Amino acid sequence: MALRCVYDIREELPDVPIIGCGGISDWQDAVEFLLAGASAVQVGTAVALENTEVFQAITKGIEVYSRKKHFGSVKEIVNLAHSS
């Protein structure tokens, strides 16, 4: 539900920064929110369930994903689900 909200808000307000939150527990979740249009993501419950090492795991996962897809920065991922 949260991912869909980010996508829909980005469609309506393309220039407004959005923080994706709700259910982000790994790098794949974070990438999905970025693709949907989030400029940043919030990690909450995952910290309580796993500990603060989740931040490093998410960061490393996004880094590896970006390298494999030949992105120069995370900014290049944001909004890609909206490209035609």
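## Terms and basis of the model

The structure is a predicted model, in which local features need pLDDT of at least 70 and side-chain atom pairs count only at pLDDT 80 or more, while totals for chains, interfaces and linings use all residues. Residues are numbered from 1 along each chain as its sequence is written, and side-chain values use heavy atoms, with hydrogens and water left out.

## Cysteines

With a disulfide defined as a pair of cysteine sulfur atoms within 2.5 Å, the structure holds 0 disulfides. Cys 5 is in no disulfide, and the nearest cysteine sulfur, belonging to Cys 21, is 9.6 Å away; Cys 21 is likewise in no disulfide. Cys 5 is partly exposed at a relative accessible area of 38%, and Cys 21 is partly exposed at 37%.

Helices (H or I, at least four residues) and strands (E, at least two) are taken as DSSP runs and numbered from the N terminus. Within helix α2, which spans residues 27-36, the buried residues are Asp 29, Ala 30, Val 31, Phe 33, Leu 34 and Ala 36. Where contact means heavy atoms within 4.5 Å, the cover over these buried residues includes α1 (2-12), β1 (19-20), β2 (40-41) and α4 (53-68).

At the N-terminal end, α2 is capped by Asp 26, of which a side-chain oxygen lies 3.2 Å from the backbone nitrogen of Gln 28. Just after α2, Gly 37 adopts a positive phi of about 125°.

Asn 51, a residue other than glycine, has a positive phi near 110°; Asn 51 sits in the loop between α3 (45-50) and α4 and counts as partly exposed, at 35% relative accessibility. His 70, also not a glycine, has a positive phi of about 65°. His 70 belongs to the segment after α4, and at 71% relative accessibility His 70 counts as exposed.

## Salt bridges

Side chains of opposite charge can pair when their charged atoms come close. Taking a salt bridge as a side-chain nitrogen of Lys or Arg within 4 Å of a carboxyl oxygen of Asp or Glu, a search of the whole structure finds 3 salt bridges. One of them joins the side chains of Arg 4 and Asp 8 at 3.0 Å, N to O; because Arg 4 and Asp 8 are 4 residues apart in helix α1, about one helical turn separates them. Arg 4 is exposed, with a relative accessible area of 57%, whereas Asp 8 is partly exposed at 33%.

In helix α4, Lys 60, Glu 63 and Arg 67 are linked in a network of salt bridges. Glu 63 meets Lys 60 at 3.6 Å, N to O, and the closest N and O atoms of Glu 63 and Arg 67 are 2.9 Å apart. Glu 63 is 3 residues from Lys 60 and 4 residues from Arg 67, in each case about one turn of the helix. Glu 63 is partly exposed at a relative accessible area of 38%, and Lys 60 is partly exposed at 46%.

Definitions and conventions. Buried < 20%, exposed > 50% of the residue type's maximum accessible area, 1.4 Å probe, protein only. Polar contact = N/O pair within 3.5 Å; in protein donor to acceptor, adjacent residues only side chain to side chain.
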